[in-house]
Amino acid sequence: MSAPQQPATVDPEVAPDLPATDDDSDDALVDDVSDDETTGGDTDEDTDEDGGSDDLLVREGDVAGDYLERLLDILDVDGDIDLDVEGDRASVAIVGGQLDDLIGAEGQVLEALQELTRLAVAQSTGVRSRLMLDVGGFRAKRRADLSSLAGEAARRVAQSRQPERLTPMNPFERKVVHDVIATVSGVRSESEGEEPNRRVVILPEA
């Protein structure tokens, strides 16, 4: 893929091949299944053994990689696909090239692209996908920034014994924060509010 960069628009002759997103985001589903967001979410019920689960995650990554390769070709965007398995999720990253159009403001295009990819994987495997997609290292950097922010907030709460409410975040971001808070003694965290204004509250342990 070495074509010149162009705005990320979809050719209407090819677009029907791409699954359309729907209003019921899988991110919201993950958020509802693990309401306190302190766990990794649900696992695939169709896989009873670790080996079967790993095989499914590898297959999810392969399907996602093929789907994203085709999408990058359609959009004339240059990028490489990295596949991995992190915990109980398939992980896919698009790296290299000029990828800002695939990230969008505050990662909004990335979120939509992740949903499209999950839908494509679910259509192929018959199992709801919790695959995580990163583009241009956006999520990795966001994870590092949130980890630092959460650690500082947790230390303030542990010292002041006063709750602290963070700004609204998406499920991925809240999960990062909850994971950090869980490692800090003297504090705990929970989520409050409704999407898109759902946020993490850091509380002192009783």
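**Reading salt bridges, a helix and a core**

Biologist: R165 counts as exposed, with 51% relative accessibility. Which residue forms a salt bridge with R165?

Modeller: Good place to begin, and remember that this is a predicted model. The general idea is to look for a side-chain nitrogen of Lys or Arg within 4 Å of a carboxyl oxygen of Asp or Glu. For R165 the partner is E192, and their closest N and O atoms are 2.8 Å apart. R165 sits in strand β4 and E192 in strand β5, so the bridge ties together parts that are 27 residues apart in sequence. E192 is partly exposed, at 28% relative accessible area.

Biologist: How many salt bridges are there by this rule?

Modeller: The count comes to 9. Among them is the one between E173 and R142, 2.8 Å from N to O. It links distant parts of the chain, with E173 in helix α5 and R142 in helix α4, 31 residues apart. E173 is buried at 12% relative accessibility, while R142 is partly exposed at 28%.

Biologist: And with which residue does R139 form a salt bridge?

Modeller: With E111, where the closest N and O atoms are 3.0 Å apart. Here R139 in helix α4 reaches E111 in helix α3, 28 residues apart. R139 is buried, with a relative accessible area of 6%.

Biologist: How should I read the nonpolar core, and which residues have the most contacts inside it?

Modeller: In soluble globular proteins, nonpolar side chains tend to be buried together. The largest core here has 22 residues, and L68, I94, L102, L133 and V135 have the most contacts inside it. At least two residues each come from α2, β2, α3 and β3, with α2 giving the most, 7 residues.

Biologist: What is L133 in contact with, leaving aside neighbours within four places in sequence?

Modeller: Its contacts are L68, V92, I94, L110, L113, Q114, T117 and R139. A second, separate core has 16 residues, including A153, A154, L166 and F172.

Technical notes:
Residues are numbered from 1 along each chain as its sequence is written. This is a predicted model: local features need pLDDT of at least 70, side-chain atom pairs count only at pLDDT 80 or more; totals for chains, interfaces and linings use all residues. Side-chain values use heavy atoms; hydrogens and water are left out. Helices (H or I, at least four residues) and strands (E, at least two) are DSSP runs, numbered from the N terminus. Buried means under 20% relative accessible area, exposed over 50%, partly exposed in between (1.4 Å probe, protein chains only). A nonpolar core is a set of buried Ala, Val, Leu, Ile, Met, Phe, Trp, Tyr and Cys residues joined through side-chain atoms within 4.5 Å. Contact means heavy atoms within 4.5 Å.
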